[in-house]
Every structure is written in C-alpha cells, then in structure tokens.
Amino acid sequence: MDCLFCKIVEGVIPSSKVYEDDMMLAFKDINPQAPVHVLMIPKMHIDSLDGVNAENLPYVTHIFEKIPAIAASLGLDKGYRLISNCGYEGGQTVGHLHFHLLGGKKLGENIL
Ligand code: 5GP
Ligand code: ZN
C-alpha cells in the first residue's frame with residue numbers, strides 16, 4: 001500500500017518526531033497552521049475516522065490517552081485544538097487517520 005504516513009511510521013520518509021511508542025507517532029506538520037502543529041497517527045493503517053472499528057479502536061483510544069502528556073510536553077498549558085479531517089468534503093488530503101494538534105497562540109473561535 002502506498003501510504004505517506006505509513007512510510008513516515010516505517011522511517012522511509014523522515015519526520016520531526018515529538019512522541020513515539022509502539023502504537024502511535026506524533027510529528028510536526030510540514031506546513032504548520034499554528035505555532036504548534038503536530039500530527040498524531042496510529043501505527044496501524046486506518047484510512048480515516050470512517051475506518052474506525054472495534055478491532056482498531058485501541059489504537060485510537062491510545063492516542064487520546066496520550067494527548068494530555070503530549071500537549072504538556074509542547075507547552076500547550078493554555079489550551080489547544082484537535083481536528084481530524086475525514087474524506088473529501090472534510091478536507092482530508094492524506095488517507096491515513098491523523099489528528100491535528102494545534103496551539104501556541106489564541107486560535108479563532110470559529111471552526112471554519
Ligand atoms: P489533512 O489535510 O489530510 O487533514 O492533513 C494532512 C496534513 O499532512 C497537512 O497538514 C500537511 O501539511 C501534512 N503533510 C503532508 N505531507 C507531509 C509530510 O511529508 N510530512 C509531514 N510532516 N507532514 C505532511
Ligand atoms: Zn497508512
């Protein structure tokens with residue numbers, strides 16, 4: 001399978017890692033939209049939020065379990081935003097489930 005983020009997990013494509021364990025990887029977005037912009041991905045390939053099921057859910061919950069510590073390590077003590085774009089109309093451009101962790105400044109109050 002030709003998946004950009006699987007290649008980042010495998011180390012074939014380099015990334016600036018901020019956290020890694022056996023189930024997930026967090027790395028800096030190549031085109032940051034905020035002073036802190038990190039992508040958190042499961043090491044298991046899941047296409048998007050639409051691909052979450054009972055079998056792979058532990059990989060998703062693991063990411064959520066780690067968010068507070070990752071946010072703290074990035075200095076996001078005043079808050080942050082979590083986004084997951086799903087599918088074409090959701091604006092997803094990479095077909096491997098990922099959560100954008102954004103912060104480091106006062107973000108706008110609108111979603112769009
Ligand atoms: P999406 O649009 O699918 O929600 O988010 C994909 C994100 O991946 C974008 O914010 C984009 O900047 C980021 N991205 C795309 N290619 C690379 C890459 O090769 N390395 C890193 N670190 N980020 C990437
Ligand atoms: Zn993948």
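Predicted model: local features only at pLDDT ≥ 70, side-chain atom pairs only at ≥ 80, totals over all residues.
I will start with the metal. Four protein residues donate to the zinc ion, ligand 2: Cys3 and Cys6 through their SG atoms, and His45 and His96 through ND1. The donors lie 2.1 to 2.3 Å from the zinc ion. How are the four donor atoms arranged around the zinc ion? The site is tetrahedral, with angles of 105 to 116° among those atoms.

Now look at the sequence. The spacing of the donor residues reads C-x2-C-x38-H-x50-H. Cys3 sits in the segment before helix H1, residues 4–10, while His96 sits in the loop between helix H3, residues 87–90, and strand E5, residues 99–103; the pair therefore ties together parts that are 93 residues apart in sequence. Are Cys3 and His96 buried or exposed? Both are buried.

Next, helix H2. This helix covers residues 57–73, which is 17 residues. From its first C-alpha to its last it reaches 25 Å, close to the expected 24 Å. H2 is not straight throughout: at Ile67 there is a bend of about 45°. A proline, Pro68, follows within four residues.

Last, the residue Gly75 follows H2, and its phi is positive, near 80°.

Notes:
Residues numbered from 1 in each chain as written. Chains lettered and ligands numbered in written order. Heavy atoms only, no water. Donors = N, O, S within 2.8 Å, 3.2 Å for Na, K, Ca; no water. Tetrahedral: all angles 85-135°; square planar, octahedral: opposite > 155°, others 65-115°. Helix = DSSP H or I, 4+ residues; strand = E, 2+ residues; numbered from the N terminus. Buried < 20%, exposed > 50% of the residue type's maximum accessible area, 1.4 Å probe, protein only. Expected span 1.5 Å × (residues − 1). Bend = angle between axes of the 7 residues up to and from the residue.
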